[in-house]
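Here is my note on the model, point by point. Please read it with the structure open.

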Amino acid sequence: MIYDFSQMDVFTVEPMRGNPVAVVHGADGLTDEQMAAFARWTNLSETTFLLEPVDPAADYRLRIFTPGGELPFAGHPTLGSARAWLDAGGVPTGENLIQECGIGLVTIRRETDTGRLAFAAPPLLRSGPVDEETMARVRGALGLDADDVRDANWVCNGPQWLGVLLADGQRVLDATLDFAALGELEVGLIGPWNPEQAAARGADYEVRAFVPELGVPEDPVTGSLNAGFAVWLRAAGIVPASYVVAQGTALQRDGRVHVVDDGEHIWVGGSAIAVVSGTVDL
C-alpha cells in the first residue's frame, strides 16, 4: 500500500543540522513486523507511525521504532511527528496537541511567538543515584576522570537514560566513546558553558547522548534525554527555569533544545522542518 511520508529535521531551523525522523502517515494498516522492518530500512535513530488514537482525549497515536525495536516515548520523534501531523492538515481538538504513545498521553504546545513545538516532560520512571561500579564503567567507556563528574542520576522516561553532569561543556565535547565498553547502557552527558561561551554559542549547556545498543552510537539531538536532565536538575536546583542546550556539535550538527519550567510543567521544545515529503510503498 502507498502511505504519505515525511522526513523531518528536528531541533533546527536549517535542514541537515538537527536530528532526522521518518514519519509514516495513516499507518493503521501496517503490522508490527512491517513497522519494525521499515525502521530497520530507514536506519535512522527513530522512525514513527501516525495512527488513529485509541484514547478519545488524544489527537493522534504515535508508535516509535529504532532499528533495534520499539520505544514507548522519545522526544525528537514526538516533536517531528507533531509537526508532520500539523503540516498534513491535522487540527487539534484543544489548545494543545495531545499525543497518545507507549507511556500514555503527552501534551505538546505550540509557541505562537517562535513557532516552536514543545512537549511536557514526562515523569521519570526511574530516578536516583548511580552505583559506583556502573559509574566506573561509564567513565572508562567515555574517557572520563572521576574529577570530571559533578553528579550522576538515572533519568529514565521511556529510554533508560543514565545522566551524567560534567564540569563544563568542553569536557562533554572531549568525551570519547568505547562502543563495546558502554554495552547496553544509554548515557547522556551535560555540562555548562560559562557566560561568555554561552553568549558566543547561543546555548547555556552542551549535551551528548550515547545509545550503542540501539544501533545509534551517538544520537544527534535528543528530546527524551534533555527532558530527563531537566526534571532531575530542576529538582536539584542546578539549572535555571529557562535555558538552551546545544547538542550535535561533535557530529557536525547544530541542534538547539529550549527548556522552560513554567511552574506547572517543564517544556522541552525546538523547531522542526520537513526535508523530504512524498509517499512510500509498504
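**Notes on the model**

1. E46 sits in the loop between helix 1 and strand 3. Helices (H or I, at least four residues) and strands (E, at least two) are DSSP runs, numbered from the N terminus. The UniProt annotation "active site", from an unreviewed entry, covers E46. UniProt positions follow the numbering used here, feature names are shortened, and annotations may be inferred rather than shown by experiment.

2. A word on the basis. This is a predicted model: local features need pLDDT of at least 70, side-chain atom pairs count only at pLDDT 80 or more, and totals for chains, interfaces and linings use all residues. Residues are numbered from 1 along each chain as its sequence is written, and side-chain values use heavy atoms, with hydrogens and water left out.

3. Is E46 buried or exposed? E46 has 9% relative accessibility and counts as buried. Buried means under 20% relative accessible area, exposed over 50%, and partly exposed in between (1.4 Å probe, protein chains only). Setting aside neighbours within four places in sequence, E46 is in contact with P20, V21, A22, I64, F65, T66, L71, A74, H76 and P77. Contact here means heavy atoms within 4.5 Å.

4. Two of those contacts, H76 and P77, are among the buried residues of helix 2. Helix 2 covers residues 75–87, and its 13 residues should span 18 Å at 1.5 Å a residue; the end C-alpha atoms are 18 Å apart, which agrees. The expected span is 1.5 Å times one less than the number of residues. Helix 2 is mostly covered, with twelve of its 13 residues buried. Just after helix 2, G89 takes a positive phi of about 100°.

5. Helix 7 (residues 223–235) also deserves a look. Its 13 residues reach 18 Å from first C-alpha to last, close to the 18 Å expected. Ten of the 13 residues are buried, so helix 7 is largely enclosed by the rest of the structure. The buried set includes N226, F229 and W232.

6. Now the charges. Side chains of opposite charge can pair when their charged atoms come close. How many salt bridges does the structure hold? The count is twelve. The criterion is a side-chain nitrogen of Lys or Arg within 4 Å of a carboxyl oxygen of Asp or Glu.

7. R17 forms a salt bridge with D254, with the closest N and O atoms 4.0 Å apart. The pair links distant parts of the chain, 237 residues apart. R17 is in the loop between strand 1 (2–10) and strand 2 (19–24), and D254 is in the loop between strand 15 (242–247) and strand 16 (255–261). R17 is partly exposed at 28% relative accessible area. D254 is partly exposed too, at 31%. R17, D254 and R256 are linked in a network of salt bridges.

8. R63 and D32 meet in a salt bridge at 2.7 Å, N to O. R63 lies in strand 4 (residues 60–66) and D32 in helix 1 (residues 32–42), so the pair ties together parts 31 residues apart in sequence. R63 is buried at 16%, whereas D32 is partly exposed at 42%.

9. E206 and R201 also form a salt bridge, at 2.7 Å from N to O. E206 is buried, with a relative accessible area of 0%. R201 is partly exposed at 23%.

10. Next, the rings. There are eight aromatic pairs in the whole structure. The centres of F38 and W41 are 5.7 Å apart and their planes at 20°, so the pair is stacked. Rings of Phe, Tyr and Trp (its six-membered ring) pair if their centres lie within 6.5 Å; planes under 30 degrees apart count as stacked, over 60 as edge-to-face and the rest as tilted. F38 and W41 are three residues apart in helix 1, about one helical turn. F38 is buried at 5%, but W41 is exposed at 67%. F5, F38, W41, F49 and F65 form one aromatic cluster.

11. One last side-chain feature. The charged end of R126 sits over the ring of W154, 3.8 Å from its centre. That requires NZ of Lys or CZ of Arg within 6 Å of the ring centre and within 35 degrees of the ring normal.
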